[in-house]
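Hi everyone, thanks for coming.

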Amino acid sequence: MTALSDVSLTVREGETVAIVGENGAGKTTLVRHANGLLKPTKGSVLVDGVDTRETTTATLSRKVGIAFQNPDHQLFSDSVENEVSFALRNFRFPEELVAKRLDWALNFFGLEQYRKSSPLILSGGEKKRLTLACILAWDPEVVVLDEPTVGQDSLQKEKLAQVFRMLQSTGKTIVIVSHDVEFLWPIQPRLLVMSGGRVVADGEISKIMADRELLEGARVTQPQLLRLYSGLRSRPATPFLDVPDARAWVAGGRAGRGVG
Amino acid sequence: MSATTIRLGGKKVLASVEGLSFRYPDSQKPAVKDVSLEIGEGEVVLLAGPSGCGKSTLLRCLNGLIPHMYPGDYRGGVTVSGLKVADTPMSTLSQSVGLLFQNPENQIFMFSVERDVAFGLQNLSVPREEMRARVDEAMRLLGISDLAQRAPHELSDGQKQRAALAGVMAMRPKVIILDEPTSLLDPKTALDVVSLIGRLNRELGITFIVVEHRLELLIPIADRLIVMDSGSKVMDGPPREVLADPRVEGYGVSVPPVSRLYNALSRDGVRLPRVPETPEEMAEELNAL
Ligand SMILES: Nc1ncnc2c1ncn2[C@@H]1O[C@H](COP(=O)(O)OP(=O)(O)OP(=O)(O)O)[C@@H](O)[C@H]1O
Ligand SMILES: Nc1ncnc2c1ncn2[C@@H]1O[C@H](COP(=O)(O)OP(=O)(O)OP(=O)(O)O)[C@@H](O)[C@H]1O
Ligand SMILES: [Mg+2]
Ligand SMILES: [Mg+2]
């Protein structure tokens, strides 16, 4: 069985790319090629011009950080703080910086109280945040997150969206694999749709999400705000990106019609 | 005031939790703090709240993993289907209560998907033919029939979750407890699982207790939404009412965009004649403004 067939794509520096598609479509398999964890059996993968078959995962990892879909496959340390500092020390960050980044990451992801605890005792969502903390603490050029919102409540998701904005403003390249279309929609990434090991669409999320037939084939559904927009008789030129957007439009319409 | 009794109406109480507290060894604070609740036969109950608030711990108390498999400081009592959980062996409890783990990987361990789906059923005294039929049906409903002979470790994470779900559903226990059952599923499969829950509930009267962050999916079939925070139960009522309560967003409950918009419009003085549950209903309401 081949998990991926004939996939070609280019991700440019500073881009935000999201990948959606049915269970087993090949999303995880694809992103694991980004740091050489998997090497292609046919074709090639270049990261910053270097063929992943001609270098090591250790070298590539300095540039590309991948947070795994299943935290249990990533976490291995005896304590939360050692888990986060591992990569930092490995990449020879000065101790002061290690301490600073560690504090930031634990605070930001609400894990401070578990600093000395074993990662094994964390709740599902906490484990997931720890995997994100580990990657973001050392600030790689390319950030690959496989299903980062799994197990996260709305406050944590809002923080995650904040991280994306921060990474985008500092020119990082982001690849996010996610089934969470409600989370992806306001970020308005370039969207790749995968199905049966192939990339079946690649483009602006607003265009792709409007193509119901395409979505159906990849078992993806439309975000709520786009469904709302499609059902309106009179509507703005572009879909609502978030709730405040829709609220403002309703308020504007009422004012225009002299209601409220 | 006893909102629970009113809500349960004439329904028989199937599970009851009384003054339950649980603290894991070595942790300073209890993961579940003085929780009391009753669940009626045939209810679909959603459990939400911030990550780390104690949802999975409460579920473990309901199916008996706590106190039977997890040591710790246990106070209060839990009764499910007439059985006192702390005094009933896991093997007996598992005939009445099925639990889908948050991480499916901790639940599938046989050499084939089919074996895993059949695993729980084998311990119930179900005739061979019926077992075969139920396993096939569960695999079909979860879209994994063509993966039947695969080893579980050769599946994608979402396929693993589907296999684990098929195993729990095939058992058809009185109570099915699902810990984030759609967390790894593609959106369409997530919808399929929601309608499967609805069907098993209607047709077989199975009671469901479901922890889920993607509320927009489950709201349409839920009778009740319970919110926890820091180990305590903080809200409990019909989903519409709970979601319309301004406190709910503060507890990290993912209020679906349409409900958030409805709440925002209400604050702006826009009164819609009904509370829309879907984007399409919201569009109709706005078109009529
Ligand atoms: N085996 C364990 N040993 C010690 N502490 C634990 C254990 N499992 C969970 N905890 C702690 O108990 C608390 C509640 O965890 P629980 O898994 O019940 O949360 P949750 O609400 O299910 O979270 P999530 O939404 O992230 O899955 C957390 O502080 C967690 O770190
Ligand atoms: N370790 C493995 N050995 C063999 N086949 C595998 C393995 N892991 C995944 N597969 C198969 O490869 C294909 C692609 O899997 P992959 O994990 O990339 O899917 P995915 O798109 O990430 O799915 P999900 O949404 O469920 O995470 C699937 O058919 C899957 O069954
Ligand atoms: Mg995957
Ligand atoms: Mg949990």
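A quick word on the ground rules. This is a predicted model, where local features need pLDDT of at least 70 and side-chain atom pairs count only at pLDDT 80 or more, while totals for chains, interfaces and linings use all residues. Residues are numbered from 1 along each chain as its sequence is written, chains are lettered from A and ligands numbered from 1 in the order in which they are written, and side-chain values use heavy atoms, leaving out hydrogens and water.

Chain B is assigned domain 1 (1-96 + 173-253), domain 2 (110-169) and domain 3 (256-289), with bounds from an automatic or database domain assignment. Six residues from domain 1 of chain B and six residues from domain 3 of chain B make the contact, meaning heavy atoms within 4.5 Å.

Together, domain 1 of chain B and domain 3 of chain B bury about 630 Å², 56% of it on carbon and sulfur atoms. That is the accessible area (1.4 Å probe) that two parts lose on being put together, summed over both. On the domain 1 side, B:R240, B:L243 and B:E249 lose the most area, together 63% of what that side buries.

Now, which residue forms a salt bridge with B:R240? The partner is B:E277, with the closest N and O atoms 3.2 Å apart. For the term, we need a side-chain nitrogen of Lys or Arg within 4 Å of a carboxyl oxygen of Asp or Glu. Between domain 1 of chain B and domain 3 of chain B, the count is one salt bridge.
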